[in-house]
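Subject: Structure handover

Hello,

I am passing on the structure that we spoke about. Please look through it first; my notes on what was found follow below.

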Amino acid sequence: MGKWENNVRRVVPYVPGEQPNQPDMIKLNTNENPYPPAPGVKKLLEEMDVDVMRLYPDTTAKLLVDALAAYYHVDTKQVFVGVGSDDVIAMSFLTFFNSETPILFPDITYSFYDVWADVFRIPYRQIPLTDSFHVKPEEYYSENTPNGGIIIPNPNAPTGVELPLEKLEEIIRHNPDVVVIVDEAYIDFGAASALPLLKKYDNLLVVQTFSKSRSMAGMRIGFAIGNEKLISYLNDVKYSFNSYTMDCTAILVGAEAVKDDAYFKKTTAKIIETREWAKERLHALGFVFEDSQSNFIFAAHKTVPAKEIFDALRQQHIYVRYFAKPRIDNYLRITIGTKEEMETLFTFLEKFLKD
Ligand code: PMP
């Protein structure tokens, strides 16, 4: 080993869900949306003048920021956009979590948080969820657990469990001296957003994404909404890292997608309806799970180990997500697909679990 290796910033990287590419597959493993993006997106792309690609994109992504500010009824100075919410959250960690006191997040949560904390050398502490995967709010209060910041996904991932807004507000209220980030990647599937709390708390940052409810995981668009001052600090760090994060296509189609609210409401409602039906089917098949308000269900089977079911499904080219991690290694995270995709899944499971 060369001595240079002593100076390498070593990290154990985040492992994303696999992206298999088989024509007959049913892909329920990365919480993507089974429906296409808003129709206007296709039209825009067909008509797009590729000459715009010669030029650098608008560093402020004004078109997209304006569309989001209008949609969420906030000032444009309160909106920050990035290359998926992964980029937005990574920038937020770098900007706001700059204390020697550990930041807090749940022990079972989005597995990128500890990776960002490690890569940025941010100390962190994971607060255990209850046995039924619920957040214990008091453990996040600064008087109980002094901390340098908090990030909580609501609904949580991979559990799908919603933290009621009153409880989330208590966490924010008890932490006036640090930034509290609420990761709302799955908020559009029925849970209550923390956005209305922005009027009361200047230390709250709400992060959302186009990857799930807006069917655009491949375009990589995420955003944060918060107090003007928070957003200005975020932009300072972004411009010190990479001025041109959003490409010209993402800015254009992102703004277009936001404008079609009817399509957005229709497709999210369809997923919610399929999810509620899937809950009944899963219960009937002997699965147990906490109630989910997201576009996935995190379920264990009463008798058959999750890994066995995962492997059997994989052989059928039905992909779900399995995490070989403490406390959750008997669970499957099943993304809600179309009703037809879910039917195929349940037909196979019925046969498999009977044998
Ligand atoms: N937060 C949570 C809780 C997630 O599950 C994901 C999806 N992997 C993300 C953020 C990141 O999503 P994206 O970068 O596609 O916006």
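By class, how many nonpolar, polar and charged residues does the lining of the largest cavity have? The lining has 6 nonpolar, 3 polar and 2 charged residues. Please keep in mind throughout that this is a predicted model.

The cavity

The structure holds 1 cavity of 30 Å³ or more, and the space in this cavity comes to about 70 Å³. Its lining is made up of Pro36, Pro37, Ala38, Ser213, Arg214, Ser215, Ala257, Asp260, Tyr263, Phe264 and Thr267. Helix 8, which covers residues 261-284, gives the most to this lining, with 3 residues. Both domain 1 (22-37 + 262-354) and domain 2 (39-259) supply at least three residues to the lining of the cavity.

The two domains

The division of the protein is into domain 1 (22-37 + 262-354) and domain 2 (39-259). Taken over C-alpha atoms, the centres of domain 1 and domain 2 are 26 Å apart. Domain 1 brings 28 residues to the contact, and domain 2 brings 33 residues.

The size of an interface is often given as the accessible area lost when the parts come together. For domain 1 and domain 2, the buried area is about 2400 Å², and carbon and sulfur atoms give 59% of that area. Which three residues supply more than any other three of the area that domain 1 buries against domain 2? They are Phe264, Gln293 and Arg327, which together supply 29%. Phe264 is also one of the residues that line the cavity.

Between domain 1 and domain 2 the count of salt bridges is 2. Arg327 also takes part in a salt bridge with Asp107, in which the closest N and O atoms are 2.7 Å apart.

The largest pocket

The volume of the largest pocket is about 770 Å³. The pocket is lined by 37 residues, and the closest to its centre are Tyr14, Tyr110, Tyr186, Arg321 and Arg333. Helix 3 (84-96) and helix 4 (113-119) are the elements that give two or more residues to this lining. Of the elements, helix 3 gives the most to the lining of the largest pocket, with 3 residues. In terms of class, the lining of the largest pocket divides into 15 nonpolar, 11 polar and 11 charged residues. Domain 1 and domain 2 each give at least three residues to the lining of the largest pocket.

The second largest pocket

The second largest pocket has a volume of about 400 Å³. Which residues lie nearest the centre of the second largest pocket? Among its 21 lining residues, they are Tyr71, Tyr72, Ser193, Leu195 and Pro196. Two or more residues of this lining come from each of helix 2 (62-72) and helix 8. Helix 8 gives the most to the lining of the second largest pocket, with 6 residues, and helix 8 also gives the most to the lining of the largest cavity. The lining of the second largest pocket has 11 nonpolar, 6 polar and 4 charged residues. At least three residues of the lining of the second largest pocket come from each of domain 1 and domain 2.

Regards

Conventions
Residues are numbered from 1 along each chain as its sequence is written. This is a predicted model: local features need pLDDT of at least 70, side-chain atom pairs count only at pLDDT 80 or more; totals for chains, interfaces and linings use all residues. Side-chain values use heavy atoms; hydrogens and water are left out. On a 1 Å grid over the protein atoms alone, a cavity is a set of points where a 1.4 Å probe fits but cannot get out, and a pocket is an open set with protein on both sides within 12 Å along at least five of seven lines; lining residues have an atom within 4 Å of a point. Grid points are joined across faces, edges and corners, and a volume is the space filled by probe spheres set on the points. Helices (H or I, at least four residues) and strands (E, at least two) are DSSP runs, numbered from the N terminus. Ala, Val, Leu, Ile, Met, Phe, Trp, Tyr, Cys and Pro count as nonpolar, Asp, Glu, Lys and Arg as charged, and the others, Gly among them, as polar. Domain bounds come from an automatic or database domain assignment. Contact means heavy atoms within 4.5 Å. Buried area is the accessible area (1.4 Å probe) that two parts lose on being put together, summed over both. A salt bridge is a side-chain nitrogen of Lys or Arg within 4 Å of a carboxyl oxygen of Asp or Glu.
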